[in-house]
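Here's a quick briefing on a protein model. Have the sequence and the 3D view open as you read.

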Amino acid sequence: MSIRSGLLLPLAAGLLLAGCATPPRHFPSQTAAHYVGKPLGKLEMHWSTPWSLHSEGQGQVAAWLFSQYNLAGCTVTVHTDADGIIRKVAWTQWCGPKGTGSPTPKDGFPP
């Protein structure tokens with residue numbers, strides 16, 4: 001049984017496109033901002049376990065790292081109150097729309 005080579009190219013292209021993940025619709029900073037006033041557990045359910053989680057004062061600080069979709073070096077940090085409710089979100093400048101976040105470039109960040 002022979003397969004025509006003209007059929008292999010569209011099939012291969014289709015498989016490659018199906019395997020590519022589409023980038024998120026929102027920057028990580030925008031997603032985290034929607035969780036201000038909500039429990040930390042809800043953001044954990046959306047993004048999974050944070051890269052870093054520790055106590056600070058009466059609350060907690062959780063941080064997530066992102067490296068996919070040209071977001072290398074992107075870090076989103078959330079601060080909660082004593083009840084575990086997110087009160088503050090901070091991020092590196094590469095995690096949101098241009099000109100947002102705190103500029104803390106590291107090696108490998110875009111200029």
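Thr-77 touches Val-61, Ala-62, Ala-63, Lys-88, Val-89 and Ala-90, leaving aside residues up to four places away in sequence; contact here means heavy atoms within 4.5 Å. This is a predicted model, where local features need pLDDT of at least 70 and side-chain atom pairs count only at pLDDT 80 or more, while totals for chains, interfaces and linings use all residues. Numbering starts from 1 along each chain as its sequence is written, and side-chain values use heavy atoms, with hydrogens and water left out.

**Around Thr-77**
- Thr-77 sits in strand β3 and is buried at a relative accessible area of 17% (buried is under 20%, exposed over 50%, partly exposed in between, with a 1.4 Å probe and protein chains only).
- β3 (residues 74–80) runs antiparallel to β4, and five bridges join them.

**The sheet**
- Four strands make an open, antiparallel sheet, ordered β1-β2-β3-β4; strands are DSSP E runs of at least two residues, helices H or I runs of at least four, numbered from the N terminus, and two strands pair if DSSP finds at least two bridges between them.
- β1 (52–56) and β4 (86–91) are the edges: each has a single partner strand, so one side of each lacks a neighbour in the sheet.

**Confidence**
- Mean pLDDT for the chain is 77, with 65% of residues at 70 or more; pLDDT is the predictor's confidence in each residue, from 0 to 100.
- Residues 15–19 have pLDDT below 50, and this stretch has zero contacts in the model beyond near neighbours in sequence.
- Residues 102–111 are also below 50, but that stretch has 14 contacts in the model beyond near neighbours in sequence.
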